[in-house]
Structure formats: structure tokens, C-alpha cells
Amino acid sequence: TLVFFISDNGGPTQNGSSNGSLRATKGTVFEGGVRVPFFLQWKGRVPAGVTYDKPVISLDILPTAAAVASASLPGDRPFDGVNLLPFVTGRNAAHPHEYLYWRFGKQWAVRSKEWKLVCGEEAEQLYDLGTDAPESRDAIAEQPEAAKELREAYAQWDANLVAPLWVGNRANQPAGKRA
């Protein structure tokens with residue numbers, strides 16, 4: 001039996017939850033809102049007690065479960081998730097994702113390896129999560145090319161999504177108006 005355990009988002013600190021040193025809380029695209037425990041167990045198939053340190057996302061559950069069941073995913077749409085088994089078993093040493101994306105209300109974020117661009121009510125902010133998991137030092141002024149790459153990747157991904165139903169979302173503005 002393949003078992004997944006994951007939280008849906010970071011803790012809402014008003015109820016006593018703690019996100020440790022991570023910035024912000026549930027309902028945000030900062031690490032305190034999106035970085036959560038993700039456990040995978042499949043006795044005899046996935047090594048026990050191993051910590052996999054590359055970023056994954058809950059959207060990986062469907063392609064992974066489909067692969068285990070030898071089921072095909074529909075070919076009429078893209079899937080953001082990937083089959084994690086080659087990665088967590090060590091058969092593939094690459095990063096499972098070139099980019100990870102989040103869009104929530106008036107805020108969005110995109111991550112590629114250690115770089116993460118965050119956009120919300122404030123100006124865009126860029127963080128190197130490899131050295132700054134708490135997102136305490138905005139590196140956008142020093143790394144404008146990294147920010148540009150992430151912004152462009154987000155715009156391309158977002159252009160293929162259904163428009164959000166909420167009003168005033170940056171992601172729902174015409175491409176020329178996006179941050």
C-alpha cells in the first residue's frame with residue numbers, strides 16, 4: 001500500500017500553530033503558508049527513513065498513484081505533478097520540477113530550484129531558499145535576471161489556467177498588466 005501524508009498548507013498562527021522560522025502563515029504564498037510536511041511510504045518499494053530534500057508538491061500525488069496503478073492520465077490536458085517514484089528511489093537524481101507555482105487571491109509565487117519569486121500586495125520579492133528559508137532577505141535588486149526568468153515562467157503557466165473567480169487578482173489581469 002502506497003501511503004501519502006501531507007498537510008494542506010502552513011499553520012494558521014492565530015490558533016497556536018507554529019511555522020517555526022518560516023515567514024508568514026496559512027493563506028499566503030510565503031514558505032510559512034506553502035512549505036509543509038510530505039511523507040511517502042511504500043514498504044519494500046521506497047527506502048524507509050530517507051529524507052528527500054528537493055521540492056515536491058501535493059500535485060505529485062495523482063501522477064505517482066497513477067504510475068503505481070499502471071493507469072494512464074488523460075492526455076487532453078497538462079498536469080503540474082510528476083511521478084515521484086524515480087526521484088525518491090534514487091533512479092533519477094534531477095529535480096522533479098523545473099518550476100513550482102502557487103496562486104492564491106491577489107498573491108502568487110514561482111520557485112525554480114532554490115530561487116522563489118513572490119508577488120502579492122507588496123512589490124515583487126526574490127528569495128534564495130537555499131540560504132534563506134525564512135525569506136528574510138529580498139535579493140531582487142541583486143538578481144534581476146533570476147526574477148525576470150521566474151516572472152516569465154509564471155506568466156506562461158498562468159496564461160494556460162482558467163481565470164480565477166475572485167475579483168482583483170493580479171493573476172487575472174491582462175498579460176500586459178501583470179507584475
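## The buried side of helix α2

In this predicted model, helix α2 spans residues 61–68, and P63, T64 and A66 are buried in this helix. Because these residues cover an arc of only 165° around the axis, they are placed on the same side of α2. The buried residues of α2 pack against strand β1 and against helix α3, which comprises residues 85–88. Just after α2, S70 takes a positive phi of about 55°.

## The antiparallel sheet

An open sheet is formed by 4 strands, arranged in the order β3-β4-β5-β6 and paired in the antiparallel sense. The edge positions are held by β3 (100–104) and β6 (125–128), each of which has a single partner strand, so one side of each is left without a neighbour in the sheet. On average, and with direction ignored, neighbouring strands of this sheet are turned by 15° against each other.

Strand β5, which covers residues 115–119, pairs with β6 over 4 bridges in the antiparallel sense, and a hairpin of 5 residues joins β5 to β6. Within this pairing, W115 stands opposite D128 in β6, while the bridge partner of K116 in β6 is Y127. The charged end of K116 also sits over the ring of W102, at 5.4 Å from the centre of that ring.

## Helix α4 across the sheet

Helix α4, made up of residues 144–159, lies across β3, β4 (107–112), β5 and β6, and the helix runs at about 115° to β4.

## Aromatic pairs and a cluster

A search of the whole structure finds 7 aromatic pairs. In one of them, the ring centres of F4 and F38 are 6.2 Å apart and the planes stand at 90°, so the pair is edge-to-face. With a relative accessibility of 22%, F4 counts as partly exposed.

Y101 and Y154 form another aromatic pair, which is tilted, with 6.5 Å from centre to centre and 50° between the planes. Here too distant parts of the chain are linked, as Y101 lies in strand β3 and Y154 in helix α4, 53 residues apart. Y101 is buried, with a relative accessible area of 16%, and Y154 likewise counts as buried, at 2% relative accessibility. Both tyrosines belong to one aromatic cluster, which is formed by Y99, Y101, W108, Y154 and W157.

## A charge over a ring

Which residue lies over the face of F30? That residue is R23, which is placed at 4.0 Å from the ring centre of F30. A lysine takes part in an arrangement of this kind as well, with the charged end of K116 over the ring of W102.

## Summary

The picture of the predicted model can be drawn together from two regions.

Key:
Residues numbered from 1 in each chain as written. Predicted model: local features only at pLDDT ≥ 70, side-chain atom pairs only at ≥ 80, totals over all residues. Heavy atoms only, no water. Pairing = 2+ DSSP bridges. Helix = DSSP H or I, 4+ residues; strand = E, 2+ residues; numbered from the N terminus. Axes fitted to C-alpha atoms, helices over the stretch in contact; angles between N-to-C directions. Contact = heavy atoms within 4.5 Å. Phe/Tyr/Trp six-rings, centres within 6.5 Å; stacked < 30°, edge-to-face > 60°. Buried < 20%, exposed > 50% of the residue type's maximum accessible area, 1.4 Å probe, protein only. Lys NZ or Arg CZ within 6 Å of the ring centre and 35° of its normal. Arc of directions from axis to C-beta.
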